[in-house]
Amino acid sequence: VLDMLFPPGTPHRIPIIAITGTNGKTTTSRLISHIYRQTGKVVGFTTTDGIYLNDYLVEKGDNTGPYSASVILREPTVEVAVLETARGGILRSGLAFTVCDIGVVLNVAADHLGLGDIDSIEQMAKVKSVIAEVVSPDGHAILNADDPLVAAMASKVKGKIAYFAMSPDNPIIRDHVRRGGLAAIYENGYLSILEGEWTLRIEEAVNIPMTMGGMAPFMIANALAACMATFAQGVDIELIRQGVRTFQTSDSQTPGRMNLFNLGHHHALVDYAHNPAGYEAVGGFVRNWPGQRFGVVGGPGDRRDEDLILLGKLSAQMFNHIIIKEDEDRRGREPGAVADLIRQGIIEENQSLEHEIVLNEMEALEKALNQVEAGGLVVIFPESVSKALAQIKPLEVQPE
């Protein structure tokens with residue numbers, strides 16, 4: 001019976017695509033899943049939002065550990081598994097698989113340091129590198145050539161390597177392509193695949209909704225990683241093109257990930273950034289905004305004092321008015337302690353910047369929405385994405 005079901009050469013396992021990194025995991029996982037949906041296959045995927053079978057939500061919540069992955073891998077209807085794989089699950093329970101076909105490492109930045117005996121960014125890189133190490137000999141590790149800690153993981157890869165980068169002039173990319181390797185790059189406004197001497201242009205960034213008209217560089221990087229992952233796995237480039245054109249960073253497809261709302265008088269942006277690298281990534285878009293930039297900022301209480309001070313400094317670099325709020329779950333800190341540290345960072349960066357403290361998240365958001373100037377942008381980094389969206393969405397101007 002087994003010989004009949006699996007003749008020689010017949011695939012006996014589904015493709016597994018695992019995604020890790022400090023920031024961008026959920027968006028990249030969802031985009032990879034969306035691209036695979038263009039092939040007509042049933043995609044099972046896990047994210048910080050939940051476990052999904054195509055569009056069907058199996059279980060809501062943060063599902064980025066091995067238990068959630070095993071739910072997908074045990075499901076007989078799944079034809080492709082796309083698994084967001086976070087630091088916490090790896091440290092607590094390892095992985096739900098021994099090998100994967102595609103292992104994507106997006107970036108490594110300072111977040112969750114001081115937790116779980118991970119005290120340095122180099123130690124964090126070792127945790128993330130597990131995904132690159134378990135790529136099968138026939139599979140591909142998709143590595144960020146712009147991140148030295150990620151690029152260094154190439155030495156641990158047993159399979160093939162493909163890179164992505166924001167410039168074709170990256171020396172790692174140039175050397176890799178010269179040796180016949182695969183790479184995804186951003187060049188002349190296009191997301192492109194380099195294969196040998198060929199440059200295969202996927203699409204212009206301004207035509208890819210998730211890049212916010214090409215104004216969000218970190219979203220371009222996420223899209224490059226997703227395109228490289230699916231191309232390396234054999235998805236037709238026309239289907240990849242179709243996927244990136246139709247993927248929206250909306251509250252329905254990617255809640256809390258660069259959700260931009262037109263409120264008529266002004267705009268509002270909801271993003272779940274909660275660490276310095278996340279703030280910097282969103283800042284790449286915010287600084288391009290032509291009007292007033294109004295920030296509602298905060299940070300998790302279990303981060304180091306220096307990390308919270310840095311959030312304040314980064315906020316001062318991207319906004320010209322700031323309201324500091326706090327999470328309901330202060331994670332062991334006294335009320336106002338997190339806000340005071342963020343305020344310290346703001347003052348150190350720009351003493352004259354207008355700012356105030358409103359500890360309640362929803363009160364802070366309401367105040368910002370009422371105070372922002374015409375044509376301005378209100379950005380909130382919420383603890384509760386659902387509450388922020390519930391407050392903003394009723395105000396959205398619907399397109400005619």
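This is a predicted model: local features need pLDDT of at least 70, side-chain atom pairs count only at pLDDT 80 or more; totals for chains, interfaces and linings use all residues.
Begin by selecting helix α11 (residues 305–318) together with helix α12 (residues 337–349), whose axes come within 7 Å and cross at roughly 50°. That angle makes α11 oblique to α12, and the crossing of the two is right-handed. To see the contact itself, show the side of α11 that carries Asp 305, Leu 308, Ile 309, Gly 312, Lys 313, Ala 316 and Gln 317, which meet Val 338, Leu 341, Ile 342, Gln 344, Gly 345, Ile 346, Glu 348 and Glu 349 of α12. Coloured by class, the contact of α11 with α12 shows seven nonpolar, four polar and four charged residues.

Next, select helix α2 (residues 25–37) and helix α9 (residues 237–246), where the axes come within 8 Å and cross at roughly 130°. Here too the angle makes the arrangement oblique, α2 against α9, and the crossing is right-handed. From α2, pick Leu 31, His 34 and Ile 35, which meet Leu 239, Ile 240, Gly 243, Val 244 and Thr 246 in α9. By class, the residues of this contact divide into five nonpolar, three polar and no charged.

Now turn to the rings. A search of the whole structure finds four aromatic pairs, and selecting Tyr 279, Phe 319 and Phe 381 brings up one aromatic cluster.

Finally, look for charges placed over rings. At Tyr 52, the charged end of Arg 30 sits over the ring, 4.7 Å from its centre. At Tyr 190, Arg 201 lies over the face of the ring, at 4.2 Å from the ring centre.

Technical notes:
Residues are numbered from 1 along each chain as its sequence is written. Side-chain values use heavy atoms; hydrogens and water are left out. Rings of Phe, Tyr and Trp (its six-membered ring) pair if their centres lie within 6.5 Å; planes under 30 degrees apart count as stacked, over 60 as edge-to-face and the rest as tilted. A charge sits over a ring if NZ of Lys or CZ of Arg is within 6 Å of the ring centre and within 35 degrees of the ring normal. Axes are lines fitted to C-alpha atoms, for helices over the stretch in contact, and angles run from 0 to 180 degrees between N-to-C directions. Helices (H or I, at least four residues) and strands (E, at least two) are DSSP runs, numbered from the N terminus. Angles under 35 degrees count as roughly parallel, over 145 as roughly antiparallel, 65 to 115 as roughly perpendicular and the rest as oblique. A crossing is left-handed if the near helix is turned anticlockwise from the far one by less than a right angle, and right-handed if clockwise. Contact means heavy atoms within 4.5 Å. Ala, Val, Leu, Ile, Met, Phe, Trp, Tyr, Cys and Pro count as nonpolar, Asp, Glu, Lys and Arg as charged, and the others, Gly among them, as polar.
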